[in-house]
Amino acid sequence: MAAEDPSVSGVSGRYATALFELARDEQSVDQVRADLDKFEALLNESADLKRLVRSPVFAADAQLKALTAVLDKAGIAGTSAKFLKVLTANRRLFAVADVIRAYRALVAKFKGGATAEVTVAEQLSDKNLDALKAALKSVTGKDVALNVKVDPSIIGGLVVKLGSRMVDSSLRTKLNSIKNAMKEAG
């Protein structure tokens, strides 16, 4: 399955595929996704948790102890907690964001939907996210899950990648186009 989807490859793809197959066998695909979403939200809110996840300075046992405390406090248990602990024990916790993204893509494909990678200059409101989902659904005819990444360097607008299609309406790209046109004219 991972080979069919270019967004699900490498280390993160292998881990996500293994987790997805386990969750599917246990009929807990949605529960695992909810737990991973909760963990990702915690990761986005806490600089300390990000540091714990990304830094190779922490020993595996210290990282595992801290992660266990975070998971217990967040109420993340079962397959999701075991999986995050395996990532930690294997020293792959740094890839958790990519694993979550890949897992979402596998779930979307499994449910007949699609996943779009969206890059924005600043966080979108729920209203704007819903409007974007509705617009993508009207184009694809499928429910579209969004993986939103905030990148202030695009200045404004957004970049949407859905499968092999990409729409780049970022201000950075428009400014670069104007710059290139001016070079050609001058």
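**Exercise 1. Work out how many aromatic pairs a search of the whole structure finds, and classify the pair formed by Tyr-15 and Phe-83.**

Solution. Searching the whole structure turns up three aromatic pairs. Keep in mind that this is a predicted model.

Step 1: take Tyr-15 and Phe-83, whose ring centres sit 6.3 Å apart with planes at 65 degrees. Planes over 60 degrees apart count as edge-to-face, so that's the label for this pair.

Step 2: Tyr-15 belongs to helix α1 (residues 10-26) and Phe-83 to helix α5, so the pair links distant parts of the chain, 68 residues apart.

Step 3: check burial, where the cut-off is under 20% relative accessible area. Tyr-15 makes it at 19%, and Phe-83 is buried too, at 9%.

**Exercise 2. Describe how helices α4 and α5 pack.**

Solution. Step 1: the axes of α4 (residues 60-74) and α5 (residues 78-89) come within 9 Å and cross at roughly 160 degrees. Angles over 145 degrees count as roughly antiparallel, so α4 is roughly antiparallel to α5.

Step 1: the crossing is right-handed.

Step 2: contact residues include Leu-64 and Leu-67 of α4 and Leu-84 and Lys-85 of α5. The contact's residues split into six nonpolar, three polar and one charged.

Conventions:
Residues are numbered from 1 along each chain as its sequence is written. This is a predicted model: local features need pLDDT of at least 70, side-chain atom pairs count only at pLDDT 80 or more; totals for chains, interfaces and linings use all residues. Side-chain values use heavy atoms; hydrogens and water are left out. Axes are lines fitted to C-alpha atoms, for helices over the stretch in contact, and angles run from 0 to 180 degrees between N-to-C directions. Helices (H or I, at least four residues) and strands (E, at least two) are DSSP runs, numbered from the N terminus. Angles under 35 degrees count as roughly parallel, over 145 as roughly antiparallel, 65 to 115 as roughly perpendicular and the rest as oblique. A crossing is left-handed if the near helix is turned anticlockwise from the far one by less than a right angle, and right-handed if clockwise. Contact means heavy atoms within 4.5 Å. Ala, Val, Leu, Ile, Met, Phe, Trp, Tyr, Cys and Pro count as nonpolar, Asp, Glu, Lys and Arg as charged, and the others, Gly among them, as polar. Rings of Phe, Tyr and Trp (its six-membered ring) pair if their centres lie within 6.5 Å; planes under 30 degrees apart count as stacked, over 60 as edge-to-face and the rest as tilted. Buried means under 20% relative accessible area, exposed over 50%, partly exposed in between (1.4 Å probe, protein chains only).
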